[in-house]
Amino acid sequence: MELATSMEAIHARAGELGVDLNSVDLDSITLPPGEDFDILSDDEDLLQNEDIPELEMGFANIIVVDNLPVVPPEKYEKLENVVRKIYSQIGVIKEGGLWMPTHPETQKTYGYCFIEYNTPQEAEVAREKTNGYKLDKSHIFAVNMFDDFEKYMKVPDEWAPAEIKPYTPGENLLKWLTDDKARDQFVIRAGTFTEVYWNDARRLIPELVYQKQYWTDSYIQWSPLGTHLATVHRQGAQVWGGDDKFVRLMRFAHPQVKLIDFSPGEKYLITYSSQEPSNPRDTHRVLLNIFDVRTGKVMRDFKGSADEFTTGGSMGVSGVSWPVFRWGGGKDDKYFARLGKNVISVYETETFSLLDKKSLKVENVVDFSWSPTDPIISLFVPELGGGNQPARVSLFQMPGKEEIRQKNLFSVSDCKMYWQNNGEYLAVQVDRYTKTKKSIYTGFELFRIKERDIPIEVFELENKNDKIIAFAWEPRGHRFAVIHGDGPKPDISFYAMRTVKDGVSVSRVAKLATLKGKQANSLFWSPAGRFIVLAGLKGFNGQLEFFNVDDLETMATGEHFMATDIMWDPTGRFLATAVTSVHEMENGFVIWSFNGKQIYKISKDHFYQFQWRPRPPSLLTPEKEDEIAKNLKRYSKKYEQEDQDVHNQVDEAERKRRMQLQEDWEGWLAKWKQLHEEERSYRMELRGGEDSDKEEETEIKEIEAEELVDVTEETVAFDLDQD
């Protein structure tokens, strides 16, 4: 074993030999080649204690673009600028990272180039997006990863059959829908814990499915069909699902992600982040990624300043409207769009590029929304030129972008659009100025989307000066409700889009009823229709009224003091009300039946979120659903018996619980009586031999005694003639 000699050992050895090293010119000493006499240099001494850095030998961040035009030197710069413009939109190209080789004699390009990005992820996205890109008729890009060339060189000359791996079943992402008790799930977030429960209304208590601490860094979100549960972290987002253990299905890398949004059909996930600028005068830099949920691949990203994403919508973070992109076309996830200055940019998900490679130009457009079921966009344009050009609401059909309906509006102050969830109706709430422009009144333009030529009906309240507080369509129905009035207790009116005249259904708005003076400022229709909760939030402190619109009667009233959130379960059987951590006290949630009976109440400190797990649409046809509704009594016998069995089990369990409590009490009492008896001799010893315990058994009797204290005689004059 070789030993390395230190400088301390050399000085010690020199001292033994009587040599003064200070007088020796060490620089004049030349060692034989390759010989160091085991003397470590200062640098080697340091390197011995450090790991030797490994060099990255791969080229995963480089792509090769083939089928470029072959150009002479005078056109080299122009071609380079074109290529740079195309590929710099996808990611950051390193300085000097674009290289087009040229022929040493002719100086013409070879028809390909190398592009080096900062990260392998950017290079991979560039390959996916531009492979097959058509520069012109003669030049269609062929893009490959630089690292792939080694793989192609190793392809064997002879074909060999692929190895067939045995099939291993994946996670059953829909197992929760097969619950034999037909229960729904919900997720809550309280403190550092996230918990998933079954809503077991029969047993009057939720049943825990899964619990995890620190499952998310900020919030949680179900996908629209309930297949996935998404969590948000500093490194990105994750989706979970499966049987009862919620295994991780996919990661989506996006550092410092703040917001996420699923497409309606759950195919795509949008993630959002913003970065504060180094210069306070600049705006935040925004990054949005669109991921394929199943594969985790980035299908497209969007970058820019926050100012580019602040048009329309409700405010999210850093002043950006959220959601930035709005999905359309129903559950097929075919289109998504965002609002820009004087344009609506519609993208299609087949190539994730602009539909027809250009935006829909609409001068001064300020808002738009998609039909929930069809590729139809409704948009609003305010008045221009001081009222010379009227405001308008227009409907555009995709993918042709043809305008299929338009309505001009005059003296408009504001406009809101409400789609019915089946896409049958569109209500446009229009706030208008009076002629004097000193006050505002409200009316509605009701579009019947499914009828020929899309007829529009103008609708106003009986008192058109009433302030509109809330508007809500009945899901899967033809009715709507409006809260209106200026007083502390507004009125609530119900209307139908169809009326019956001479036994024939007519498309005309008809008033059903008006409820006077209600403590309500929010409307919550059951997802199944028919029932509605009239809720008084904020200033009304959680007043609830459960109303049957079919019979126009109140089923029950209730209160959840300081309630902040109200949510129907996806079947319309149960309602949840919650007090979240925006209030310091009374945190927790209450589960109610559809008719207003309180099922159970759970208190949770630091309560942040409650979300019902959504369900996918029913596979039953409307005709089959109508048949079940007509024969509900026949179908319900089975479930009524199950309910009775559960009720009996609950009663039996309660009886056993009480008997156990009584047995526990009697056992505890007998134990202490025995201990008291065992310590009797010890107590007598402490009391000098007196059995004072018997004093407790002494019977006390009260005896009354009378004693004559004094006698006094006195003569009193009495007149016998006095009456």
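Predicted model: local features only at pLDDT ≥ 70, side-chain atom pairs only at ≥ 80, totals over all residues.

Visitor: Which residue in β8 does Phe186 stand opposite?

Guide: Phe186 faces Tyr197 there.

Visitor: And what order do the strands of that open sheet come in?

Guide: The order is β9-β8-β7-β47, four strands with antiparallel pairing. β9 (207-213) and β47 (607-612) are at the edges with a single partner strand each, so one side of each has no neighbour in the sheet. From one strand to the next, the twist averages 15 degrees.

Visitor: OK, zooming out. How many helices and strands are in the protein chain?

Guide: The protein chain has eight helices and 47 strands. Of its 723 residues, 39% are buried. If you take contacts between residues at least 6 apart in sequence, 45% of them join residues at least 24 apart.

Visitor: Let's talk about β26. Are its residues buried or exposed?

Guide: Buried, six of the six: β26 covers residues 376-381, and with that count it is largely enclosed by the rest of the structure. Ile376, Ser378 and Phe380 point one way, Ile377, Leu379 and Val381 point the other way, and all are buried.

Visitor: What does β26 pair with?

Guide: Strand β25 (residues 367-370) is joined to β26 by four bridges, running antiparallel, and a hairpin of five residues connects β25 to β26. Strand β27 (residues 391-397) also pairs with β26 in the antiparallel sense, over six bridges. Ser378 shows up in both pairings: Ser369 stands opposite Ser378, and in β27 the bridge partner of Ser378 is Leu395.

Visitor: Switching to the nonpolar side. Which residues have the most contacts inside the largest nonpolar core?

Guide: Ile63, Val65, Tyr87, Ile115, Tyr117 and Leu288, in a core of 52 residues. As background, nonpolar side chains tend to be buried together in soluble globular proteins.

Visitor: What does Ile63 touch, leaving out residues up to four places away in sequence?

Guide: Its contacts include Tyr87, Ile115 and Tyr117, which are also on that list of residues with the most contacts in the core.

Visitor: What goes on at the ends of α4?

Guide: At the N-terminal end, Thr119 is the cap, with a side-chain oxygen 3.2 Å from the backbone nitrogen of Glu122. After α4 comes Gly132, which has a positive phi near 95 degrees.

Visitor: Last one. Is Arg479 buried or exposed?

Guide: Buried: the relative accessible area of Arg479 is 15%, and the cut-off for buried is under 20%. Arg479 lies in strand β34 (residues 479-484).

Visitor: Which side chain does the Arg479 side chain make a polar contact with?

Guide: That would be Asp550, at 2.9 Å. Other residues that Arg479 touches include Trp473, Tyr495, Leu512 and Arg530.

Key
Residues numbered from 1 in each chain as written. Heavy atoms only, no water. Core = buried A, V, L, I, M, F, W, Y, C linked by side-chain atoms within 4.5 Å. Buried < 20%, exposed > 50% of the residue type's maximum accessible area, 1.4 Å probe, protein only. Contact = heavy atoms within 4.5 Å. Polar contact = N/O pair within 3.5 Å; in protein donor to acceptor, adjacent residues only side chain to side chain. Helix = DSSP H or I, 4+ residues; strand = E, 2+ residues; numbered from the N terminus. Pairing = 2+ DSSP bridges. Axes fitted to C-alpha atoms, helices over the stretch in contact; angles between N-to-C directions.
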